[in-house]
Amino acid sequence: MASPAPLVASISHQMVALQTLQLLQQEWGWGDGPSAPGSPRGPDHVPVAQARHSGQMRTRRGQGRGVAGVRSCPEAGGLRGAEGGAELLPFPRDRGPCTLARMAMRSALARVVDSTSELVSVEQTLLGPLQQERSFPIHLKDSVEFRNICSHLALQIEGQQFDRDLNAAHQCLKTIVKKLIQSLANLPSDAHVVACASLRQILQNLPDV
């Protein structure tokens, strides 16, 4: 029986990235946060250490919000960290007029969040049992890179660097999915057919940008 450890570790990094992006959506009033429907797991599954790191990340982000013109008509709000952590700094929910650029950014972020959620679901329900029967390569470093990109993205304020990080997260997620499809391609079992079909569906939701 093959060890599922590499896949479990890969999923763990992706879950950290997913929660980071969901917190970003919640902060900007663009989503329901970590407990949003369709999330493969609730925030209780995120390590406490990472939750605390997320709290520090939000704090550092809050300290840089004095940039003129970034937001208008701020409305105080609060966000409580995962695992019942300390309440994070208040943040403005209104980020100003809904321009076409902001709508495109919101759509791109939602696409990455949804696709990451779907990927984790496929890995847990299809690839996990499959890897216990037959070993196939897992490229762990790509999931680590994806987590790091998402963490850096969450520290950015709207602008060119945010756009670059969001595009990097999009491309890295595509790379993870493509490599999984390649890893499954040589398996003799018919069980990988369903998994590959699910992964290709995720790719269709991540068009080139």
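Helix 5 provides four residues to the lining of the largest cavity, the largest share of that lining, where helices are DSSP runs of H or I with at least four residues, strands are runs of E with at least two, and both are numbered from the N terminus. The model is a predicted one, in which local features need pLDDT of at least 70 and side-chain atom pairs count only at pLDDT 80 or more, whereas totals for chains, interfaces and linings use all residues. Residues are numbered from 1 along each chain as its sequence is written, and side-chain values use heavy atoms, with hydrogens and water left out.

A cavity here is a set of points on a 1 Å grid over the protein atoms alone where a 1.4 Å probe fits but cannot get out, and its lining residues have an atom within 4 Å of a point. Searching the whole structure turns up three cavities of 30 Å³ or more, and the largest has a volume of about 70 Å³, a volume being the space filled by probe spheres set on grid points that are joined across faces, edges and corners. Among the residues lining this largest cavity are L7, Q14, E123, H139, I176 and K179, and both helix 1 and helix 5 supply at least two residues of the lining.

Two of these lining residues, I176 and K179, are also touched by D142, as are C172 and T175, when residues up to four places away in sequence are not counted; contact means heavy atoms within 4.5 Å. D142 lies in helix 4, and it counts as buried because its relative accessibility is 4%, buried meaning under 20% relative accessible area with a 1.4 Å probe and protein chains only.

In soluble globular proteins, nonpolar side chains tend to be buried together. The largest nonpolar core in this model has 40 residues, such a core being a set of buried Ala, Val, Leu, Ile, Met, Phe, Trp, Tyr and Cys residues joined through side-chain atoms within 4.5 Å. Helices 1, 3, 4, 5 and 6 each give two or more residues to this core. L119, one of the residues with the most contacts inside it, touches Q14, I176 and L180, among others.

Seen as a whole, the protein chain has six helices and zero strands, and buried residues make up 44% of its 209 residues.

Terms used
Buried < 20%, exposed > 50% of the residue type's maximum accessible area, 1.4 Å probe, protein only. 1 Å grid on protein atoms, 1.4 Å probe; cavity = no way out; pocket = protein on both sides within 12 Å on 5 of 7 lines; lining within 4 Å.
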